[in-house]
Amino acid sequence: MSDLLNIAGKSYQSRLLVGTGKYQDFKQTRAAIDASGAEIVTVAIRRTNIGQTAGEPSLLDFLPPDQFTYLPNTAGCYSADDAVRTLRLARELLDGHTLVKLEVLGDPNTLYPNMIETIAAAKVLVKDGFDVMVYCSDDPIMAKQLEDIGCCAVMPLASLIGSGMGILNPWNLQIIIANANIPVLVDAGVGTASDAAIAMELGCQGVLMNTAIAAARDPIQMAGAMKKAVEAGREAYLAGRMAKKLYSASPSSPTTGLIS
Amino acid sequence: MQLTINGKARDFAVTQLTVAELVLQLNLEGKRLAIERNGEIVPRSQFANTLLAAGDQLEIVGAVGGG
């Protein structure tokens, strides 16, 4: 079966994208990512510790670049300028790698995206040759504008980052999906497997999550659950669900041949 | 000369320093990193022939876990 996720000219088997933050250690990070089956993993760009002991392991030692596609993010950036600067550093860090996750935040309490700055950054990055997957509000007009700018995927929130509140506005997501000619992925807010399945049943091309796995009591088991949920939701979407009706008066068992 | 590295002032007892030499002095050799000097990225291929000047502002970054 070849139902692949296509992003910026590359195909992926897995529709689950995962973050690498909030784990106990790199070993657990790797085990959870292996259990999730994810091929695309997000990383953050931060100042290097100066004076740290040489030879100390780094995240990339546990996630070799030949086995995973990195998606450097701009987490923590509150302006277009900072986001662009961060991703230019990421491109240099990762040897010219152009696939990136743009997120520009507007508020430190909710981590809600600042769409004005996000759009400004997206314009610069697309012009500069980046393949931009963009975290955004679930506003259909914003999503369309980001597509028109040339982003390679839009990633509306299901609910706030790290909240685990699930999909709060499936109707907006459906409008975004119906209008989009690029992949739509849910990014942020997924709390458990059913949330991921619902996102996929709505027609999302993929789901990106971090906390739902990392903050589970057993992250590795949850990573496996998310893998199945994304696959199940995708298959259900492709299969086409039955119509909802209040009642049908059409039993599944024969109405004849009953004993009397 | 004094440089500001990742927001902190640091003194180096030399009059000439390239980016490559700085990386060595900071024990960062062999690590995957990217460097910005006064807001401009210094490509890795240019580390050896980029001379730093007193007062330069440097950002040295790497990849860490994130969502």
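In which order do the three strands of the open sheet in chain A come, and is their pairing parallel or antiparallel?

Analyst: The order is E6-E7-E8 in chain A, and the pairing is parallel. (Strands, E of at least two residues, and helices, H or I of at least four, are DSSP runs numbered from the N terminus; two strands pair when DSSP finds at least two bridges between them.) This is a predicted model, where local features need pLDDT of at least 70, side-chain atom pairs count only at pLDDT 80 or more, and totals for chains, interfaces and linings use all residues. Residues are numbered from 1 along each chain as written, chains are lettered from A and ligands numbered from 1 in written order, and side-chain values use heavy atoms, leaving out hydrogens and water.

At the edges you have E6 (99–102) and E8 (153–156) of chain A, each pairing on one side only. Neighbouring strands are turned by 20° against each other on average, direction ignored (axes are lines fitted to C-alpha atoms, for helices over the stretch in contact, and angles run from 0 to 180 degrees between N-to-C directions). Strand E7(A), residues 131–136, is joined to E8(A) by four bridges; within E8(A), Pro156(A) is the bridge partner of Cys136(A). Helix H4(A), residues 115–127, packs on the sheet and touches E6 and E7 of chain A, its direction making about 175° with that of E7(A). Contact here means heavy atoms within 4.5 Å.

Now for H6(A), residues 170–179: its buried residues are Asn172(A), Leu173(A), Ile176(A) and Ile177(A). They fall within an arc of 135° seen down the axis of H6(A), so they line one face of the helix; the arc is taken from the directions from the axis to the C-beta atoms. On the other side of H6(A), Trp171(A) and Ala178(A) are exposed (buried is under 20% relative accessible area, exposed over 50%, partly exposed in between, with a 1.4 Å probe and protein chains only). The buried residues of H6(A) pack against E8 of chain A, as well as helix H5 (140–149) and E9 of chain A.

There's a void here too. The whole structure has one cavity of 30 Å³ or more, and the largest cavity holds about 40 Å³ of space. (A cavity is a set of points on a 1 Å grid where a 1.4 Å probe fits but cannot get out; lining residues have an atom within 4 Å of a point.) Its lining includes Val154(A), Ile176(A) and Ala180(A). H5 and H6 of chain A each supply at least two lining residues, with H5(A) giving the largest share, four.

Key
On a 1 Å grid over the protein atoms alone, a cavity is a set of points where a 1.4 Å probe fits but cannot get out, and a pocket is an open set with protein on both sides within 12 Å along at least five of seven lines; lining residues have an atom within 4 Å of a point. Grid points are joined across faces, edges and corners, and a volume is the space filled by probe spheres set on the points.
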